[in-house]
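Subject: Handover of a structure, with notes

Dear colleague,

Please find below the structure that I am handing over to you. My notes on what was found in it follow directly after.

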Amino acid sequence: MASPAAVENLPPPLNSSAEQPPLFDGTTKLYTCYTCPFAQRVWITRNYKGLQDKIKLVPLNLQDRPAWYKEKVYPMNKVPALEHNGKIIGESLDLVKYVDSNFEGPSLFPEDPEKKKFGKELWSYVDEFIKIVFTSFKGEGPKECGPAFDHLESALGKFEDGPFFLGQFSGVDIAYIPFVERFQIFLSEAFKYDITAGRPKLAAWIEEMNKIDAYKQTKTDPKELVEFYNKRFTVMLLTQIQFHPMCEGKSEKS
């Protein structure tokens, strides 16, 4: 596991009045939003691989977005996006793999064939997991999303060499944790539902994840998350997953 990292001094989000940082100046930049779970995946990856000095965070204020981001940086107008080697790359899961393959630091994907196969299965299930839980917010909550968390509990029992999905910490954990973090908080607040009740492996996984500095430093204030969900998700019919118009979501390709 990566060694403890010093707490990073985070730059303030850029709003519509902010000047655009130089484009393609040789600096690798991660365009992000501190509260976006999709962008959080890449942020965790960056931190875990020890790339704080190699990949500069460029946080955006998505409620007062800079026009230059869509016009000159990333026409998809979503976060996350990575500026590297004269190009802009998007889509969070693609970026987790890209950063892992193109930068130094501990590998996030195992070589073991069985773990690699199971990792691909979990990787392909993550969007379905998000959709099931998210959609349950407009319905009966725990009754509808319980099976999805049961699926995670079962998956966490596949390997016994560690508390993570593939035994040891991997990109699969990174794919899931931003959403489990948010779902745990909101389901507890809105439905008084504890996702770890009767799921000891899920409880142990969350506990171990919270010990990883690379992840801890990316977590959002729980009060802010609850307020966001209350405003966005419980007062409207949810037919698509869309965490924010500029935050990568299933209303668009992810």
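**Helix packing and the core**

In this predicted model, Asp173, Tyr176, Ile177, Val180 and Gln184 of helix H6 meet Trp205, Ile206 and Met209 of helix H7, where contact means heavy atoms within 4.5 Å, and where helices (H or I, at least four residues) and strands (E, at least two) are DSSP runs numbered from the N terminus. The axes of H6 and H7 come within 11 Å and cross at roughly 105°; such axes are lines fitted to C-alpha atoms, for helices over the stretch in contact, with angles running from 0 to 180 degrees between N-to-C directions. H6 and H7 are therefore roughly perpendicular to each other, a label given to angles of 65 to 115 degrees, while those under 35 count as roughly parallel, those over 145 as roughly antiparallel and the rest as oblique.

On conventions: the model is predicted, so local features need pLDDT of at least 70 and side-chain atom pairs count only at pLDDT 80 or more, whereas totals for chains, interfaces and linings use all residues. Residues are numbered from 1 along each chain as its sequence is written, and side-chain values use heavy atoms, with hydrogens and water left out.

Tyr176 and Trp205 are also among the residues with the most contacts inside the largest nonpolar core, together with Tyr69, Phe129, Phe149 and Phe183. This core has 63 residues, a nonpolar core being a set of buried Ala, Val, Leu, Ile, Met, Phe, Trp, Tyr and Cys residues joined through side-chain atoms within 4.5 Å; buried means under 20% relative accessible area, exposed over 50%, and partly exposed in between (1.4 Å probe, protein chains only). Helices that each supply at least two residues of this core include H1 (37–48), H4 (113–136), H6 (171–191) and H7 (200–209), and H6 gives the most, with 10 residues. Leaving aside residues up to four places away in sequence, Phe183 touches Phe129, Ile130, Val133, Phe134, Phe137, Phe149 and Tyr229. Apart from this core lies another, of 13 residues, among them Val42, Leu57, Leu82 and Leu95.

**The chain as a whole**

The secondary structure of the chain comes to nine helices and four strands, and from the N terminus on the elements run β-α-β-α-β-β-α-α-α-α-α-α-α. Of the 254 residues in the chain, 51% are buried. Among contacts with a separation of 6 or more, 73% are made by residues 24 or more positions apart.

**The hairpin and backbone details**

Strand S3 (residues 81–84) and strand S4 (residues 87–90) run antiparallel and are joined by four bridges, two strands counting as paired if DSSP finds at least two bridges between them. His84 has Lys87 in S4 as its bridge partner. Two residues lie between the strands of this hairpin, where Asn85 takes a positive phi near 55°; Asn85 is exposed, with a relative accessible area of 65%.

Most residues other than glycine have a negative phi, and most peptide bonds are trans. In the loop between H2 and S3, Asn77 also has a positive phi, near 60°, but at 9% relative accessibility Asn77 counts as buried. Pro80 lies in the loop between H2 and S3 as well, and the peptide bond from Val79 to Pro80 is cis, with omega near 5°.

**Salt bridges**

The structure holds 14 salt bridges, each defined as a side-chain nitrogen of Lys or Arg within 4 Å of a carboxyl oxygen of Asp or Glu. In one of them Glu8 pairs with Arg46, with the closest N and O atoms 2.6 Å apart. Glu8 lies in the segment before strand S1 (28–32) and Arg46 in helix H1, so the pair ties together parts that are 38 residues apart in sequence. Glu8 is partly exposed, with a relative accessible area of 22%, whereas Arg46, at 1% relative accessibility, counts as buried.

The side chains of Lys143 and Glu140 also meet in a salt bridge (3.9 Å, N to O), in which Lys143 is exposed at 63% relative accessibility and Glu140 partly exposed at 49%. Glu208 and Lys211 form another, at 3.0 Å from N to O, with Glu208 partly exposed at 23% relative accessible area and Lys211 partly exposed at 49%.

With best regards
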